[in-house]
Amino acid sequence: MKTVIIHGQSHEGSTCHIARMLAEKINGEITEFFLPRDFGEFCAGCTLCFEKSEKLCPHFEKLLPITNAMDDADVIILASPVYVYHVTGSMKAFLDHYGWRWMVHRPEEKMFSKQAVCISTAAGAGMGSTNKDMAHSTFFWGIARTYKYGVAVMETSWEKVSAKKKQAIDNRLEKLAYRIVRKQGHARPSVKTKIFFNIMRLMQKHGWNEADVAYWKEKGWAEKKRPWK
């Protein structure tokens, strides 16, 4: 299995350690990217990715290594510590660059068989809303199965987290990794995803965006073909 981790910050804190622990338990090849170190651009709002082509984005080439890694992976881990009850600015800026990949536009076919995990940590609270920020994207990308894991570590650094808390985290990750490995090769989109996809399919038959309509027509999705088996 191939796992790619997108870290929402560049320092290796609690969120980073937990994401790595899960990836190691899943086993296989692991690729990591740290934001903003590996990608730190803000969306320019030019709308070229929507209206014409994602290749016209001024940051397309810089983002391409991460895009390719996600497309090649079996499991995508999005990991962000809680910043004022939401993802880090770096993670938000990163996700902003994939609006063109939402089902309303031009989703990548490979996403419909992948699994994703949204991981967040905080000293106190806010994990739910932070994971939701990331899960919005994994759903609209069409990812078949998204898991969420948020934990209050009650400290500001991994080194200070208690041994008891670390053991509890390890136990939880062991179970999560087992579910992911067992599902590998059998992940299918949820009913919710299929319903939304079909709404988009009907829209794309007579859509307003020529680039999107052409894409769906080329894929055959506007008719009987689907991106899942």
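**Notebook: pocket and sheet**

I began with the largest pocket, whose volume comes to about 320 Å³. On a 1 Å grid over the protein atoms alone, a pocket is an open set of points where a 1.4 Å probe fits, with protein on both sides within 12 Å along at least five of seven lines, and lining residues have an atom within 4 Å of a point; the volume is the space filled by probe spheres set on the points, which are joined across faces, edges and corners.

The model is predicted, with local features needing pLDDT of at least 70 and side-chain atom pairs pLDDT 80 or more, while totals for chains, interfaces and linings use all residues. Residues are numbered from 1 along each chain as its sequence is written, and side-chain values use heavy atoms, without hydrogens and water.

I looked up the lining next: it has 14 residues, with Ala 135, Thr 138, Phe 139, Thr 146 and Lys 192 nearest the pocket centre. Helix H5 (127-141) gives the most, with 6 residues, and E5 and helix H7 (191-205) each supply at least two. Helices (H or I, at least four residues) and strands (E, at least two) are DSSP runs numbered from the N terminus.

I then traced the open sheet, whose 5 strands have the order E2-E1-E3-E4-E5 with parallel pairing (at least two DSSP bridges between two strands). Strands E2 (29-34) and E5 (145-152) are at the edges with a single partner strand each, so one side of each has no neighbour in the sheet. Between E3 (residues 75-81) and E4 (residues 115-122), which run parallel, I noted 7 bridges, and Ser 80 has Ser 120 in E4 as its bridge partner.
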